[in-house]
Amino acid sequence: MITLSPLKRRIVYVTIFEIIAIISSTFVLMKLSGSDAAESLPVAVMVSLAAVIWNFLYNTAFEAWNVVSMWQSAPYSFAVRMH
C-alpha cells in the first residue's frame, strides 16, 4: 500500500480531478462552440489553472485567518467556511 503525506495526497487529488475536468470541459466547449479540440483545450486548461490558483489562494488565506480567529478550535464546517 502506498502512503502519501497530506500535501502529496492533495496534489494527487487535485491533479486527477483537474485532468478529468479539462477533458470534460474540452468536450463541452467543442460542442458549444463547434470548434475542434485544438481550440477548446487551451481554454479548458486556462480555466482549470485559474480555478486551482483561486482555490489555493482562498484555502491559504482561510487557514491563516483560522489560526488567529475565534474559530481555531471549531471544526471546518460549511458555516465556518462561509463566515
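**Entry 1: helices.** I began with a term: helices here are DSSP runs (H or I) of at least four residues, numbered from the N terminus. I also reminded myself that this is a predicted model. With that settled, I found Phe-62 and Trp-65 both in helix H2, 3 residues apart, about one turn of the helix. Helix H2 covers residues 37-68, and Tyr-58 lies in it as well, 4 residues from Phe-62, again about one turn.

**Entry 2: ring pairs.** Next I looked up the aromatic rings. A pair of aromatic rings is described by the distance of the centres and the angle of the planes. How many aromatic pairs are there? I noted 2 aromatic pairs. In one, the ring centres of Tyr-58 and Phe-62 are 6.5 Å apart and the planes meet at 15 degrees, so I wrote this pair down as stacked; the stacked label needs planes under 30 degrees apart.

**Entry 3: buried or exposed?** I then checked accessibility for these residues. Tyr-58 is partly exposed, at 33% relative accessible area. Phe-62 has 6% relative accessibility and counts as buried, because buried means under 20%.

**Entry 4: the other pair.** Back to Phe-62, this time with Trp-65. Their ring centres lie 5.6 Å apart with the planes at 45 degrees, so I called this pair tilted. Trp-65 is partly exposed, with 31% relative accessibility.

**Entry 5: putting it together.** Phe-62 has a part in the stacked pair with Tyr-58 and in the tilted pair with Trp-65.

Technical notes
Residues are numbered from 1 along each chain as its sequence is written. This is a predicted model: local features need pLDDT of at least 70, side-chain atom pairs count only at pLDDT 80 or more; totals for chains, interfaces and linings use all residues. Side-chain values use heavy atoms; hydrogens and water are left out. Rings of Phe, Tyr and Trp (its six-membered ring) pair if their centres lie within 6.5 Å; planes under 30 degrees apart count as stacked, over 60 as edge-to-face and the rest as tilted. Helices (H or I, at least four residues) and strands (E, at least two) are DSSP runs, numbered from the N terminus. Buried means under 20% relative accessible area, exposed over 50%, partly exposed in between (1.4 Å probe, protein chains only).
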